[in-house]
Amino acid sequence: MMFAAIKCRISRVVFLSLTVWAIVGLSAPHPGLSAATEEGQPKSSALSEPEKNVGIKIVSLRPTAGGQMLDLRFQVVDPKKAKAVLDKNKKAYLLDGKTGKTLPVPVTKAGSMRQTTLKPEAGRIYFMLFSNPNRMVKEGSSVSLIIGDFRKDGIVVDSSGAAPVPAGAPALQ
């Protein structure tokens, strides 16, 4: 009984720590990212057709929390179109191209682990965290992002830049 209480406390601390880490990470600049042109408007030249249709550009998808979660960063290039993607009522998940399994956005007592807003800002980078149980999706894997009717295929999971998890290390429960 005592072990269950300790395990529950550890789980709460981990989720709260991840939430704070994700929010703090939003204020950090992303290397190699140039968000705006000389006029102050975001660049949209390298957008795929699905991204143009919803007004966002995928910036990165990286493993975090020891590979137990995937951190998606995307930039708003057209605030009017991006409202649909940032709508909290639209279900968001990743679809693993290899297994066909879905990876949802976790919901904690503090709410969903994704940013939503009614007034998206051009050039701003938003985040979504997705659960990745047992480190199912690895660096280099290809996934699809699905938010409501929006679907973006072929998103490759980048390197996290963190120290690799040793082979045979137990997955967090």
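How many salt bridges does the structure hold? I looked this up first, and the structure holds four salt bridges. For my notes, a salt bridge is a side-chain nitrogen of Lys or Arg within 4 Å of a carboxyl oxygen of Asp or Glu.

**Ground rules.** I am working with a predicted model, where local features need pLDDT of at least 70, side-chain atom pairs count only at pLDDT 80 or more, and totals for chains, interfaces and linings use all residues. Residues are numbered from 1 along each chain as its sequence is written, and side-chain values use heavy atoms, with hydrogens and water left out.

**Entry on Arg62.** I found Arg62 in a salt bridge with Asp158, at 4.0 Å from N to O. Asp158 lies in the segment after strand 9 (150-156) and Arg62 in strand 1 (residues 56-64), so the pair ties together parts that are 96 residues apart in sequence. I noted that strands are DSSP runs (E, at least two residues), numbered from the N terminus. Arg62 has a relative accessible area of 35% and is partly exposed; Asp158 is partly exposed too, at 28%. My cut-offs here: buried is under 20% relative accessible area, exposed is over 50%, and partly exposed is in between (1.4 Å probe, protein chains only).

Asp71 and Arg73 meet at 2.8 Å, N to O, and both residues are buried. Arg151 and Asp153 have their closest N and O atoms 2.7 Å apart.

Two strands pair if DSSP finds at least two bridges between them, and I read eight bridges between strand 1 and strand 2 (residues 69-76). Arg62 turned up again, as its bridge partner in strand 2 is Asp71.

**Entry on the rings.** Which kind of pair do Phe74 and Tyr126 make, given their centres and planes? The centres are 6.1 Å apart and the planes at 25 degrees, so the pair is stacked. Rings of Phe, Tyr and Trp (its six-membered ring) pair with centres within 6.5 Å; planes under 30 degrees apart are stacked, over 60 edge-to-face, and the rest tilted. I found one aromatic pair in the whole structure. Phe74 sits in strand 2 and Tyr126 in strand 7, 52 residues apart. Phe74 is buried at 0%, and Tyr126 is buried at 2%.

Definitions and conventions:
Helices (H or I, at least four residues) and strands (E, at least two) are DSSP runs, numbered from the N terminus.
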